[in-house]
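My entries follow the structure.

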Amino acid sequence: MDAEMEFSCEVKKQILDEEIFCSPEASVLLASYAVQAKYGDYDPNFHKPGFLAQDELLPKRVLMQYQMTADMWEEKITAWYAEHRGIARDEAEMEYLKIAQDLEMYGVSYFAIQNKRDTDLLLGVDAQGLHIYNPNSKLNPNKSFPWSGIRNISYSEKEFTIKPLDKKKDVFKFYSSQLRVNKLILQLCIGNHDLFMRRRKVDSIEVQQMKAQAKEEKARKKMERQILAREKQMREEAERAKEEMERRLFQLQDEARLANEALLRSEETADLLAEKAQIAEEEAKLLAHKAADAEQDRQRLEVTAMKTKEEKRLMEQKMREAEQLAVKLVEQSERRLKEADHLKQDLTEAKDAERRAKQKLLEITKTTYPLIAAYSAPPAPPAPPEAADLAYESTSSRLDFKDSDMKRLSMEIERERLEYMEKSKHLQDQLKELKTEIESLKLEEQQQQAGVYSLRNEARGYVQEPVYLPHSNRNSAYMSQMAFFEEV
């Protein structure tokens, strides 16, 4: 086991020192197996980014060939490393060596030689045979001699001779100036040729038994590894299931805690809603009570309004009657005034006629009385003054009688005028009282209307200023008539 470790370390060293050429892809794959052999299976919880910073895994030529950072190379190696999960460390070493032995320069020992023309060449000795290279190219040989095609190799001091089995081919000779190197070349050739010949021979019974035992041991180890891998996988699955259960438990605990908090909040919300519902119910009852009061007030106001309307109707009827009465009185007054005017005119005419009649009577009396006395009676002594006065008094009595009739008529006219004035004054007083009652009824009606509006607005949730309605045209006509009567 120690020999295998030393050999694998030697191969790694040759690859890292670029003694064995390795492509970038093969270098990354070999590095992933080397990490698997060193650290075991990949664990993302343990193998954090940067855990390969101190390990030398890639040749410098590969690192310089691409413009990539160390983190980027580590990411690529880790990606391959994660795929090797379940491979044992010794198997990883073997996989490393299997990949390494397929490299072009693996197991080749190079020696400086010259041909007959003293041209510098390189001799490569490996398990496949002998190869001749140019000094600048160690990958592609110019000429190769496999062990199966070599009949003999000999040297004398500095000269080497390679004789092929095919006699038609030319013998190849090369030269080496160092005797110690020549002996080493000869030993390597003999040893590799012997190994080649052993591989072609049938194995002995002991070797076959040893191979069978090794195969069984390998199968047993493989079975053990599979069992261990299965157990490890089951343990990992159990751990993952445990972690999942713990995570689920924590999640359920969080959900339960959130549910409890939500329940508490819902209970608090329910209590608040219950309180709000109770308050709303009380407010609804209060509003219903207010609405009932408002309805009662409305009904009362409606009744009052109906009464007011009835009273208003009666007052309007009274107003109409008063208007009709006023019209009648006006007509009667006009008629009486006309009659008074006619009577005054007749009185004036009568006075004029009386005055004319008196004047004419006096004239007739003065002119006819002496003549009548002279023709109708004997002459007599002149009448005494008393008799003349008596005659004049009789005439005056007749005239006074007419004056008394005129005075009586004037007194009757004056009495009727006074009665009319008293009736007009009484009617004016009645109209004033009616006007006062109508104004009070209007004021009460406006107040009632304002109360109805305020109650409606309170029932709706707001209060509005009372609206005063304008007077009607009938009231305006009535006021004009009242002014007319006052003037009269």
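**Entry on ring pairs.** I worked from a predicted model. I counted 8 aromatic pairs, taking rings to pair if their centres lie within 6.5 Å.

I then looked up Tyr-42 and Tyr-81. Their ring centres are 5.5 Å apart and their planes stand at 80°, so I recorded the pair as edge-to-face, since planes over 60 degrees apart count as such. I noted that Tyr-42 belongs to the loop between helix 2 (24–39) and helix 3 (60–65), whereas Tyr-81 is in helix 4 (residues 70–83). The pair therefore ties together parts that are 39 residues apart in sequence.

**Entry on Tyr-81.** Is Tyr-81 buried or exposed? I found a relative accessible area of 1%, so Tyr-81 is buried.

I next looked up Tyr-81 with Phe-51. The ring centres of this pair are 6.4 Å apart and the planes are at 40°, so I recorded the pair as tilted. Phe-51 lies in the loop between helix 2 and helix 3 and Tyr-81 in helix 4, so this contact ties together parts that are 30 residues apart in sequence. Phe-51 is also buried, at a relative accessible area of 18%, because the cut-off is under 20%.

**Entry on the cluster.** I noted that one aromatic cluster is formed by Tyr-39, Tyr-42, Phe-51 and Tyr-81.

**Entry on charges.** Which ring does the charged end of Lys-12 sit over? I found it over the ring of Tyr-96, 5.3 Å from the centre. I also recorded Lys-138 over the face of Tyr-110, at 5.1 Å from the ring centre.

Notes: Residues numbered from 1 in each chain as written. Predicted model: local features only at pLDDT ≥ 70, side-chain atom pairs only at ≥ 80, totals over all residues. Heavy atoms only, no water. Phe/Tyr/Trp six-rings, centres within 6.5 Å; stacked < 30°, edge-to-face > 60°. Helix = DSSP H or I, 4+ residues; strand = E, 2+ residues; numbered from the N terminus. Buried < 20%, exposed > 50% of the residue type's maximum accessible area, 1.4 Å probe, protein only. Lys NZ or Arg CZ within 6 Å of the ring centre and 35° of its normal.
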